[in-house]
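User: I am new to this structure and would like to learn how to read its features one at a time. Could you show me the general idea first and then the case here?

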Amino acid sequence: MIYPIGEYGCKLDAKGRLLLPSSFKEQLGTALDDGFVLRPGLYERCLDMFGMDDWRKLQERLGRMNSFKKETLIIQRRINAGARLVKIDGSGRLQIPKDLLEKCGMVKDVVISSLTDRMQIWGSEQLEKSNAEVSDEDFMKMLEENLGNVDFNG
């Protein structure tokens with residue numbers, strides 16, 4: 001699945017529904033009909049939001065792990081913990097389960113950010129805090145260490 005470009009600021013209503021911006025919905029196209037899987041982020045206080053195809057690919061990869069190893073079961077259980085199937089309603093809103101909102105500290109202002117294999121939904125304050133934890137200098141080092149030897153032309 002190709003995810004929308006960039007970040008989108010949104011607001012949660014009192015019932016935990018997220019009204020998705022029209023440009024965001026346009027970029028997702030027919031993927032909106034399939035629904036999404038939400039799960040708590042593994043490393044930070046956000047929600048990972050997978051398109052169904054990418055969720056299935058992740059589950060297939062997990063299924064190839066050796067189920068006779070205790071670590072495999074722990075990994076599979078933790079990755080799938082809290083996962084929920086969600087659909088977009090007729091008004092273009094995404095209902096986020098209350099327990100996931102609480103776990104991630106989301107109240108009103110949220111940001112949807114696209115990655116290569118998923119999207120993330122952040123409380124605005126949590127995203128600002130997370131971004132502030134990595135200085136520009138450290139980010140530049142990360143880029144060089146992780147992408148400095150990658151040939152993007154080949």
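Analyst: Let us begin with pairing: two strands pair if DSSP finds at least two bridges between them, and the elements themselves are DSSP runs, helices being H or I of at least four residues and strands E of at least two, numbered from the N terminus. In this case, strand β3 (residues 36-40) and strand β4 (residues 47-51) run antiparallel and are joined by five bridges. Please keep in mind that this is a predicted model, in which local features need pLDDT of at least 70 and side-chain atom pairs count only at pLDDT 80 or more, while totals for chains, interfaces and linings use all residues. Residues are numbered from 1 along each chain as its sequence is written, and side-chain values use heavy atoms, with hydrogens and water left out.

User: In what order do the six strands of the open sheet lie?

Analyst: The order is β1-β7-β8-β4-β3-β5, with antiparallel pairing. The edges are β1 (7-11) and β5 (84-86), each of which pairs on one side only. From one strand to the next the twist averages 30°, where axes are lines fitted to C-alpha atoms, for helices over the stretch in contact, and angles run from 0 to 180 degrees between N-to-C directions.

User: How many residues of β3 are buried, and on which faces do they lie?

Analyst: A residue is buried under 20% relative accessible area, exposed over 50%, and partly exposed in between, using a 1.4 Å probe and protein chains only. In a regular strand the side chains alternate between the two faces of the sheet. Here, Phe36, Leu38 and Pro40 are buried on one side of β3, and Val37 and Arg39 are buried on the other. Five of the five residues of β3 are buried, so this strand is largely enclosed by the rest of the structure.

User: Which strands does helix α3 touch, and which of its residues are buried?

Analyst: Contact means heavy atoms within 4.5 Å. Helix α3 (residues 52-63) packs on the sheet and touches β3, β4 and β5, its direction making about 100° with that of β4. Its buried residues are Met52, Asp54, Trp55, Leu58 and Leu62. These residues cover an arc of only 165° around the axis, which puts them on the same side of α3; the arc is that of the directions from the helix axis to the C-beta atoms. The face turned away from that buried side carries the exposed residues Glu60 and Gly63, whereas the buried residues pack against α2 (31-34), β3, β4, α4 and β5.

User: How does helix α4 (residues 70-80) read, and which of its residues are buried?

Analyst: In α4, Thr72, Gln76 and Ile79 are buried, and they cover an arc of only 70° around the axis, which puts them on the same side of the helix. Among the elements that cover these buried residues are β3 and α3. The opposite face of α4, turned away from the buried side, carries the exposed residues Lys70, Glu71, Arg77 and Arg78. Just after α4, Gly82 takes a positive phi of about 80°.

User: Which members of the largest nonpolar core touch the most other members?

Analyst: A nonpolar core is a set of buried Ala, Val, Leu, Ile, Met, Phe, Trp, Tyr and Cys residues joined through side-chain atoms within 4.5 Å. The largest one has 25 residues, of which Leu18, Ile96, Ile112 and Ile121 touch the most other members. Two or more residues each come from β1, α1 (22-28), β3, β4, α5 (98-104), β7 (109-114) and β8 (119-123), and α5 gives the largest share, three residues. Apart from this core lies another, of seven residues, among them Val37, Phe50, Met52 and Leu58.

User: Where is Leu12, and is it buried or exposed?

Analyst: Leu12 lies in the loop between β1 and β2 (17-19), and it is buried, with a relative accessible area of 2%. Beyond residues up to four places away in sequence, Leu12 touches several others, including Leu18, Ile96 and Leu101. By contrast, Asp136, in helix α7 (residues 136-147), counts as exposed at 63% relative accessibility.
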